[in-house]
Amino acid sequence: MREIRLATPAEIDAVIGIAPAGRERQEAIAEWVQAGQCHVLWQDGMAAGYTAFTRSFFRSAFIEMLVVSPLTRRQGIGRTLVEHCIGLVPADEKLWTSTNESNTPMRALLPQLGFVYTGQFAGLDEGDPERIYLRWSGLPD
Ligand SMILES: CC(C)(COP(=O)(O)OP(=O)(O)OC[C@H]1O[C@@H](n2cnc3c(N)ncnc32)[C@H](O)[C@@H]1OP(=O)(O)O)[C@@H](O)C(=O)NCCC(=O)NCCS
């Protein structure tokens, strides 16, 4: 059985345990949870994936992070979490996300869910540009 809900402070360790996370990521997870921005997919009682759904991209809706447990990848959990975020945004509002050029799974998944590549910038991760994607009903066909 699957359910998605906002993580509570008591669940921070469970979210951190979803995938290997360095100190910076652990701190980010704690901040997202405290801010009510960390949505967790539970599968049969196990935290299997999370997404940080924020407004940190020029104050627009932004999927800032998406992580699925290495134990449960390729079962549709990433897709389900992105669809969950899409459901949180009114159809006429912009939803942004981004991923590294090297991230094959995300580059395959995002266009399937209506995200359009809008450009990229360098300098965040050395030698691996960040690609920006937008999902918005106002985009030209
Ligand atoms: C990216 C990530 C969240 C995908 O989660 P997932 O639950 O495994 O993805 P899904 O099972 O929902 O896959 C949906 C589609 O994405 C694509 N995809 C997923 N993993 C893929 C892979 N390893 N290679 C190629 N395409 C892939 C496929 O099109 C897939 O559909 P299909 O299985 O029907 O072919 C997961 O790989 C992950 O946590 N990666 C590490 C963290 C990360 O890179 N996060 C994104 C940066 S913010």
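## Surface and burial

About 8100 Å² of the chain is accessible surface, and 51% of that belongs to carbon and sulfur atoms (Shrake-Rupley method, 1.4 Å probe). Keep in mind that this is a predicted model: local features need pLDDT of at least 70 and side-chain atom pairs count only at pLDDT 80 or more, while totals for chains, interfaces and linings use all residues. Residue numbers start from 1 along each chain as its sequence is written, and side-chain values use heavy atoms, with hydrogens and water left out.

Of the 141 residues, 43% count as buried (under 20% relative accessible area; exposed is over 50%, partly exposed in between, with a 1.4 Å probe and protein chains only).

## Fold layout

The chain has four helices and seven strands, in the order β-α-α-β-β-β-α-β-α-β-β from the N terminus. These are DSSP runs: H or I over at least four residues for helices, E over at least two for strands.

Take contacts (heavy atoms within 4.5 Å) between residues at least 6 apart in sequence: 57% of them join residues at least 24 apart. Along the principal axes, the C-alpha atoms fill a box of roughly 45 × 35 × 30 Å.

## Aromatic pairs

Four aromatic pairs turn up in the whole structure (ring centres within 6.5 Å for Phe, Tyr and the six-membered ring of Trp; planes under 30 degrees apart are stacked, over 60 edge-to-face, the rest tilted). Tyr117 and Tyr133 are edge-to-face, because their ring centres sit 5.9 Å apart with the planes at 65°. Tyr133 is buried at 2% relative accessible area, whereas Tyr117 is partly exposed at 35%.

Phe57, Phe58, Phe62 and Trp96 form one aromatic cluster.
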